[in-house]
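Hi,

Here is the structure I promised to hand over. Have a look at it first, and then read on for what turned up.

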Amino acid sequence: MANIKDIASLAGVSVTTVSRVLSGHPYVSDEKRRKVQQVIDQQGYTPNANAVHLIKGQTKTVGVIVPSSHSYFHAILSGIMDEASEAGYGTLLYQSRYDRKEEEQALHLLRTKQIDGLIFCSRSLPVDEIVSYGMYGPIVTCEHAEDERISSVYTDHHAAFITGMKHLTAHGHTDIGYCVGRAESRSSRQRYKAYTSVLDELGVPLIPEWIFENSTETKDGIRIVDKIMTMKKRPTALLITGDEVAAGVILQAQSAGLRIPEDLAIVGFDNLPISEALKLTTIDQHLKRIGQESFRAFYEMRDKGMKEKPKGIKKSVPFELVERASV
C-alpha cells in the first residue's frame, strides 16, 4: 500500500506538496495538483484520517455532551446536528449521566485534539473546572455561564418562570406547587428564585411539601399526583419543569378523578410534541434553536480562535408562553 512519500516520489513533487493537495491548500499549481491527484487515483491511495487532521489542524468533529436520552436533550441535539451537517461537521455524542468523570473524559478528547470543540447540553462539572480547557478549542454550554472564556446559549429561566407564575395568578391561583429536576443546577436556582419572588409578592407563604424535586420523567408526574392526593391542603396549580413530567401529572390526575384545569391547573416547560396532544399550556424554550445557536457559537469561536483568543459568545434565546387548555 502506497504511503504519502511514495505518492510524492511517483508524482515528482515534495511530501509538502502532496500534503497541501490532500488538505485542499490553495497554494499549489494546477499542474502539480493534477499530477498528484493522478498518482493518488492510480495507486488507490486513501489518506490516513489522523494524518489529514494534523495537516489541517481540524478534525471537522464537534463533541456533544448529553446527560441522557431525554426528549429535552434530543430536541437540542437535533438543532446541533442540523447546523453541524450544514457546515460539513460530524458530531461525537458523549452521554455523561451527570457523571463528572465522564464529562472530564470528553474534555480530554478536546485537550488531545480528537475533537475541535465541545458543547455541553447540560453539565455536572462547575464552570471553573471547564474553562481551563478553552485553550484547546471552543466550549459552549446550553445554559448561562458568566465566565467570559466560554460561550453560552440559554433561556432566561428566571424570566420564563415569572411568566408562568404570572399566568397562573392571572387565572386566580395562589396555591401553586413547583416541580423541578436537579434542584442544584443554575437553571433550577433561577426558577426557584422566580417561584419564591412571586409568592412573596402575593404575600403567600412557601409550603415546602409543594416543591417536588428530582422530577424528570412521566413516572415522576404520577408520583407527584399520588403525593398530592394524600395532602390535607392541596395546591390548585403546578408549575412543572418538563412536559414529560406534566404529562404524567395530567394522566394520573385524571385517573384520580381530578379535573384539568378546574381542580388542578398546569403549566409545563419545553413545548415538546406531547404537550400539544395533551393540550398542555407550556413555556416554549425553542430547544432546537438553542442547539442551532450553540453550534453557531462554536463555529464562530473556532474561526476567531485561529487569529486571536476571543471572549465567549453569550446569547439568550427568547421563550414564549403557549396557551392551551390546562389552565
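One term before we start: two strands count as paired if DSSP finds at least two bridges between them. Keep in mind, too, that this is a predicted model.

With that in hand, take strands β1 (residues 61-66) and β3 (residues 117-120): they run parallel and are joined by four bridges. Gly 63, for instance, has Leu 118 in β3 as its bridge partner. Helix α5 (residues 71-86) packs on the sheet there, where it touches β1, β2 and β3. The direction of α5 makes about 160° with that of β2.

The sheet itself is open and has six strands, in the order β2-β1-β3-β4-β5-β11, with parallel pairing. At its edges stand β2 and β11 (314-316); each has a single partner strand, so one side of each is left without a neighbour in the sheet. On average, neighbouring strands are turned by 15° against each other, direction ignored.

A few spots in the backbone are worth a look as well. Tyr 98, in the loop between β2 (90-95) and α6 (100-111), has a positive phi, near 55°, though it isn't a glycine. Asp 270 isn't a glycine either, and its phi is positive at about 140°; you'll find it in the loop between β9 and α12 (273-277).

Are these two buried or exposed? Tyr 98 is partly exposed, with a relative accessible area of 27%, while Asp 270 is buried, at 5%.

Last one: the peptide bond from Ile 260 to Pro 261 is cis, with omega near 10°. Pro 261 sits in the loop between α11 (243-255) and β9 (265-269).

Cheers

How values were computed. Residues numbered from 1 in each chain as written. Predicted model: local features only at pLDDT ≥ 70, side-chain atom pairs only at ≥ 80, totals over all residues. Heavy atoms only, no water. Helix = DSSP H or I, 4+ residues; strand = E, 2+ residues; numbered from the N terminus. Buried < 20%, exposed > 50% of the residue type's maximum accessible area, 1.4 Å probe, protein only. Axes fitted to C-alpha atoms, helices over the stretch in contact; angles between N-to-C directions. Contact = heavy atoms within 4.5 Å.
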